Amino acid sequence: MLRIFYFEMRKNYLRIFIIIAFVLFLLVNLSLIYKNYVNGDSGFTGYFMPHSADTVRRWEFYRSMHEKLDGTLTAEKADFIINENKRLESIVSDGAFSREYQPDSYTGYLWGDYVMISKYFYDPMKYIATYSINSDKIVEKAKDNIAFYEKYGNRYEKAKNEFIADHYSGRKITVFYDSKPWELLFDYNFSDLLILLLLLLGLVPMFVNEKETKMSNLILASKNGKINMTLIKVMSALTFVSFLVFAFSCENMLAFTYLYGLNGHAMPLYAIEKYQYSPLACSVLAFYFLMVLLKIIGFFSFGLFIFLLSSLLSRVIYTYMVSSLFLVGGIYASGYMVSVELGKKVLSFLSPVTLLKGNELYSKLLDTNILDNFLLVPYICILMQIITSSIIFLFICKTSAFKTLKKANVLPEKEISNGI
Amino acid sequence: MAFELKKILIKQRGIIVIFIMVLLKVILTLSNGYDSHYIIDQNPDGYSFYINQYKGKLTEKKEQEIKSEYYAVGHAAGELENLSSRWREGKIDKIQYESLSKEYYERQKNSAVFNVVYNQYYYVKEAPDLRYIMDNRGWSTLLSHDNPDFLFLLCLILILTPLFCNEYESGMNSLLLSSRNGKYRTGVYKLLIGIILAVGITVLFSLIEFICINDMVGLNDGGFPLQSLELFQNSDYYITMNQAFIAIVLFRILGAMLLAAFISILGIFTGKSIITLFLGSVLTFLPYIFLKGNSLIFFLPLPSGLLSGVGYLWGTSYISSIDQSGNAVNMVQFQEINKAGLGFLMAGFVVETGLLLLCCLKKYSGYTLRFKNHEVRTKMICGCLCMIAVCSIFIGGCTIDRAKDNFTVNALDSIKYGKTDKYNINFDAAKRNITAANKKTGEIIDLIREPFEQDAEIAAIFVHDEYCYYLSRIPQAEGIRVYEIDMKNFERKLIFNNVRENKEDLFGTLYKVNVIKNFSEKIDTYLPIFCFFFNKEYIYYGVDSRIVRIDRLTGRETVVASDVAEWKSLFYHNGDIYYVDKQHRLGIFHGDSGKVYSVDSVYTDQFSITGDQVEYKDLFDNNEIHRIPADPGRLSQPDFY
């Protein structure tokens, strides 16, 4: 079996055009990350400044302040930032401040100082300092609700508030790091598109090629040709998917660490403001690994769908066409995961692309009420993909093995009567 | 050549692929709708009235008329009130009042859409020779979007890939090489077929867009200057919109030809369909993601910029920001392509296409396609289409309702108070909270018990039978949600939702949805709701002197009355709505016919409905209480009194 597995890997994935595409995509991915790093965000509300000659001094200030303040949040650090923010706010609030170059200021300009202090230090520290108070209020409200809904027999709301009381109590953030680069890393999804394209390249010809070259009949006639071969192909696809996801995830992590500096990998996920209502209490690094795992499941599920099409259709063109349409439809359907309507939510559960959006699945408490039961959306998505993958696998076995075998065994009547 | 064409379209099922893509294109174009202002959607007749009056070049006379109308619209409310007082004092008679008040009344009704037209006038007056007033919804939809047309690009890639790949994959290339016409003639014909198909598909998809948008909203006044559209305000090309559309189609045709050349050469070099498909997709789609919003995409020697086309006609656009010294600065967001640059680029693309085609021919060594007896997979394709149809059933927003049609509701009270058997329900608009007080024990219960901060804000309630319904809106987002709370177990259920929730942008290639850009649109989501009720078929709510009706099945919104005096008496009675209009007359919206009647003989600010009688205080009879039957059929008769 292992030998056949190795041959399948070599035949389907270790081909020169796939290797070239993979390497080129790694370079394209890296160049997009770098391009975004250099250009920064645009407009008034952007967080990341561009990297240019104009912003050198501000970036230096940013780095030096973070070196000073990163780590356990102490009263001294907080006081320093509060006082600096107050001082600068009082200067810029009336609009009549000097716009001339100030050599003794942090960034060279009073407005620049105010923006840097308030946006990058004061606001994040304020969020960290007040988080536990807000979280306790949520838990208190949830506990009130448990008693209330129990009294009136509302099972779903009771279960939901019990979950909130369990998972949101005792939350506290005691460290200060720049959490935005982590948020950017979690939101970065261009590499997912590249992986999807590589999956199309690698998986579409899987069964179709064998049909076109008539090898499928020969394989089915062999000892391991039926179920075992299908299983091996599926295992090889899982290996291929896992490799791609790991490779791109590692590249993203390394690139972000080098460019943005991903500090504080042990800080809790809710230290990132976007994830303040996340039901997870793990560290940011653990969350990244969870996202990678979800992506493997999602990509594998999509890969199995391509397999199914490849086993059903006889030409690469049709398989590619339907896979692409399904991909676009799946991407669009995944946007309904935050919908308040159950029908649209179900659409997103069925789409494997939903699992590629771990950042959105866990950014807040996404739940659904099915027959008065409180169910978390991420768990339903995973379960749906496991079920659909199993069903698709059975279909693949049927179409690629049994159906072809049945057709191949049927001899024309004339030949039977002639004794051939 | 005919044989090659037949091979591609019939034997390789190219016609089926084109048919499927065209069908999906039509469905998507119609479902995506068109660019519009929500105020225009709610009062299209009013908008048409003003646009037909003022469209075209801005002359001095027209400008004067617009300014006069602006003044008149702004003072219409005051003039109406003044006329009403004069009539009450007996200074003018009823006939004079009605004839004088009619135009003020109409102006007030259409004031919102007039402001939309006025904003357009403001834009146009900056350059009246270059910018015309017009209904720009259709042309804006057709010309302003640079998003890649995924279906069009995929169709091109799928049709063009088998042109050469099939021969290589089936091994027929060697047989063709040895034939008489296999080397050059076959190659030329194949490339010619590829170009013809690319051009044909481009024209077809462009026509579909044109026809669908024309059908939905109209593409009138195509002879107006391109700068009439705000996105092209800085454009260096002084052409009409018809000419701009033709130019864009020509860019796309050139792009399709370049794509055909690329795919042909990839097919010849790789000899494999899957690699050609993959590389074709990468070369076409990735630039849109990598360079979104950047003018560089239009300079690359790839078909992406040409296939989008619109960016070549855009002017330079700027984005405002504040620099580190605190000064406001304008940064270039999109750099225009000037005329010289455009000419040079087009020449370059033509040369590039020619060179690629020559290269194809040189590399190509004749193949022919061996027809394979494939089994018809119609069942599978039909099965996939059925799956898509079944999935669409999941997209629905309505649940079973419990409201009956025959009931009477005092709308002013019902948005804040309501009663069930056990509870008195109260909506606190300031705190955006709903409380229920137990009638027996006096216990006060919060009905909104969400522990987390919510985006949506509650705007009104409606209590009916044993259920409390509430309307919520998301600030700066179009649409409403209606929830039902079962007062027995306080279970909350969604009844209606027309907020666009899907913000998926396909890796940045689509523009953002659910974003209200216009300042007046943002304000409207903060305006108070003055009435809210619904029945089995429709949801009604009132905002900004308008009563809006939403069809619960289709989600379609219509303004049923646009002259409502807010915070004056308003009743829903057995499917009809009774209200006081801005002329202090009793207005009736008749639910069955969908028409609005004003009962001219009834002048009041206060009325109520008890049983089947309307009791009102007559403004012309010292507020004496009079009664009339609550029967729109009778009241609408001119000889009722």
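In chain B, 53% of the 641 residues count as buried (under 20% relative accessible area, with exposed over 50% and partly exposed in between; 1.4 Å probe, protein chains only). The model is predicted: local features need pLDDT of at least 70, side-chain atom pairs count only at pLDDT 80 or more, and totals for chains, interfaces and linings use all residues. Residues are numbered from 1 along each chain as its sequence is written, chains are lettered from A and ligands numbered from 1 in the order in which they are written, and side-chain values use heavy atoms, without hydrogens and water.

Chain B holds 20 helices and 22 strands (DSSP runs numbered from the N terminus; helices are H or I with at least four residues, strands are E with at least two). Of its contacts (heavy atoms within 4.5 Å) with a separation of 6 or more, 59% link residues 24 or more positions apart.

Strand 17 of chain B spans residues 576-580, and five of its five residues are buried. One side carries D576(B), Y578(B) and V580(B). The other carries I577(B) and Y579(B).

Strand 17 of chain B pairs with strand 16 (residues 570-573) through four bridges, running antiparallel (pairing requires at least two DSSP bridges). Here Y572(B) stands opposite I577(B).

The partner of I577(B) in strand 18 is F589(B). This hairpin has four residues between its strands, and H584(B) in the turn has a positive phi of about 65 degrees.
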